[in-house]
Amino acid sequence: MTRFLNLVASEPAIARLPIVVDSSKWSVIEAGLRLHRCKPLVNSISLKEGEERFLRDARLARRYARP
């Protein structure tokens, strides 16, 4: 994810577009949220691991929200 987003960031026309972060690993999702300068969309948190985990991941993703 880090390598991909660094490549995206090097193209100004692309870097302004939203991206979809899709992974089952929170570390990959967090890397996407941390590195992307635009508003990313998270497609991978679910209720499979329970409501508590879902709410935790949703709150963490929300901390990366950009105006």
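Analyst: Happy to. A cavity here is a set of grid points where a 1.4 Å probe fits but cannot get out, whereas a pocket is an open set. Please keep in mind that this is a predicted model.

Searching the whole structure for cavities of 30 Å³ or more turns up one. The volume of the largest cavity is about 40 Å³. Its lining is made up of Leu 5, Ala 9, Ala 15, Leu 35, His 36 and Arg 37. By class, that lining of the largest cavity splits into four nonpolar residues, one polar and one charged.

Now for the open space. The largest pocket has a volume of about 210 Å³. It is lined by 13 residues, and those closest to its centre are Ser 24, Ser 44, Ile 45, Ser 46 and Glu 49. Helices α3 (26-35) and α4 each contribute at least two residues to the lining of the largest pocket. The largest share comes from α4, with three residues. Sorted by class, the lining of the largest pocket holds four nonpolar, four polar and five charged residues.

Two of the residues named as closest to the pocket centre, Ser 44 and Ile 45, also lead us to the residues I would look at next.

Take Ser 23, which sits in the loop between β1 (20-21) and α3. Its relative accessible area is 15%, and because the cut-off for buried is under 20%, Ser 23 counts as buried. The side chain of Ser 23 comes to 3.1 Å from the backbone nitrogen of Lys 25. Setting aside neighbours within four places in sequence, Ser 23 is in contact with Val 28, Ile 29 and Ser 44. Ser 44, in turn, is among the residues closest to the centre of the largest pocket.

Asp 57 belongs to helix α4 (residues 51-63), the element that gives the largest share of the lining of the largest pocket. With a relative accessibility of 7%, Asp 57 is buried as well. Not counting residues up to four places away in sequence, Asp 57 touches Trp 26 and Ile 45. Ile 45 is one of the residues closest to the centre of the largest pocket.

Conventions. Residues are numbered from 1 along each chain as its sequence is written. This is a predicted model: local features need pLDDT of at least 70, side-chain atom pairs count only at pLDDT 80 or more; totals for chains, interfaces and linings use all residues. Side-chain values use heavy atoms; hydrogens and water are left out. Helices (H or I, at least four residues) and strands (E, at least two) are DSSP runs, numbered from the N terminus. Buried means under 20% relative accessible area, exposed over 50%, partly exposed in between (1.4 Å probe, protein chains only). Contact means heavy atoms within 4.5 Å. On a 1 Å grid over the protein atoms alone, a cavity is a set of points where a 1.4 Å probe fits but cannot get out, and a pocket is an open set with protein on both sides within 12 Å along at least five of seven lines; lining residues have an atom within 4 Å of a point. Grid points are joined across faces, edges and corners, and a volume is the space filled by probe spheres set on the points. Ala, Val, Leu, Ile, Met, Phe, Trp, Tyr, Cys and Pro count as nonpolar, Asp, Glu, Lys and Arg as charged, and the others, Gly among them, as polar. A polar contact is a pair of N or O atoms within 3.5 Å; within protein, one must be able to donate a hydrogen and the other to accept it, and residues adjacent in sequence count only if both atoms are side-chain atoms.
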